Amino acid sequence: MTSIKFAPQTAIVTGAARGIGRSIALRLADDGLDVTVNDIENKLEALNAVADEIRSKGRKALVVIADCTQESEVQHIVDETVKELGRLDVMVANAGIGGAGSILKLPLADWEKVWAVNVRGVFLCYQIAARQMVKQGNGGRIIGASSVLGKKGNALLGAYSSSKFAVRGLTQCAALELGEHGITVNAYAPGIIQTDLIGPVLSGPGSLRDLMKIPDATLGQPENIASIVSYLVKPEAHFITGQSIIVDGGVQFD
Ligand SMILES: NC(=O)c1ccc[n+]([C@@H]2O[C@H](COP(=O)([O-])OP(=O)(O)OC[C@H]3O[C@@H](n4cnc5c(N)ncnc54)[C@H](O)[C@@H]3O)[C@@H](O)[C@H]2O)c1
């Protein structure tokens, strides 16, 4: 740990058009940060609506359409943030996609699609944000999206679960490397949070709820994740790093 006095003013949230990313972006605005919201082209309308909500809270919002799997596009998100908002203090590498299929049948292309967004995308966000934060010399917060499935595997979720294990591993390694710069690196590890990602597979026989044996009482809301991110971003959370924090209503323990 360093003696750098961290005072966050700006954040980037990827995959912020809806669900957990949207909720995190709004919460960070409530906390007084200016926020760059990112998502892909077909989410522009929803992303603009999130930006308007942030502005209505009296904070600056910047919309950057970019595909997080592409190095130059993640660089663009960071460069635009620094140009328009002045600096980068917080990176929330939230964008992720789902995917289910048995090990026996899963097409390689499906595996690679999940890993491109959930692992390569998160790595690019960590790397490019960290370079900017180190350059600034004011410390930082980097936060990734893992999952309870990054702690324990589940049948039929091999691609997704292993991608979230990878985020957890990367988070530990990055925390060890970046601590000397006053940058903490953590991840959230949600259980089942009711978003558009999960909604379609929540009910019916063979549903995710069946697969993971999730009782109704432990279905979470995006705000449950936004609140832990809000805390991790605060200066007082400087002593927490390298963690992937389960938020699942008590279904699973480390
Ligand atoms: N909802 C859950 O129960 C749950 C549980 C554990 C982990 N997570 C993780 O939390 C994160 C957010 O989940 P959510 O439920 O809000 O999902 P969501 O599908 O509602 O939102 C994800 C957003 O990411 C965007 N996105 C996808 N690919 C992108 C790319 N290449 N570049 C930029 N943006 C991209 C999507 O367009 C979408 O708006 C994901 O990483 C997910 O794996 C979710």
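How exposed is lysine 234, in relative accessible area? Lysine 234 comes out at 28%, which makes it partly exposed (buried is under 20% relative accessible area, exposed is over 50%, and partly exposed lies in between, using a 1.4 Å probe and protein chains only).

Before going further, a word on the model. It is a predicted one, where local features need pLDDT of at least 70, side-chain atom pairs count only at pLDDT 80 or more, and totals for chains, interfaces and linings use all residues. Residues are numbered from 1 along each chain as its sequence is written, and side-chain values use heavy atoms, with hydrogens and water left out.

**Salt bridges**

Side chains of opposite charge can pair when their charged atoms come close. Here a salt bridge is a side-chain nitrogen of Lys or Arg within 4 Å of a carboxyl oxygen of Asp or Glu, and the structure holds ten of them.

| Aspartate 31 | Lysine 234 | 3.9 Å |

Take the bridge between aspartate 31 and lysine 234. Aspartate 31 sits in the loop between α1 (19-30) and β2 (34-39), and lysine 234 in the loop between α7 (222-233) and β7 (244-247), so the pair ties together parts 203 residues apart in sequence. (Helices are DSSP runs of H or I with at least four residues, strands are runs of E with at least two, and both are numbered from the N terminus.) Aspartate 31 is partly exposed too, at 30% relative accessibility.

Aspartate 34 is buried at 11%, while arginine 59 is partly exposed at 28%.

Aspartate 254 lies in the segment after β7 and lysine 151 in the loop between β5 (140-145) and α5 (158-178), so parts 103 residues apart in sequence are tied together. Aspartate 254 is exposed at 74%, but lysine 151 is buried at 18%. As for shared partners, salt bridges join Arg27, Asp31 and Lys234 into one network.
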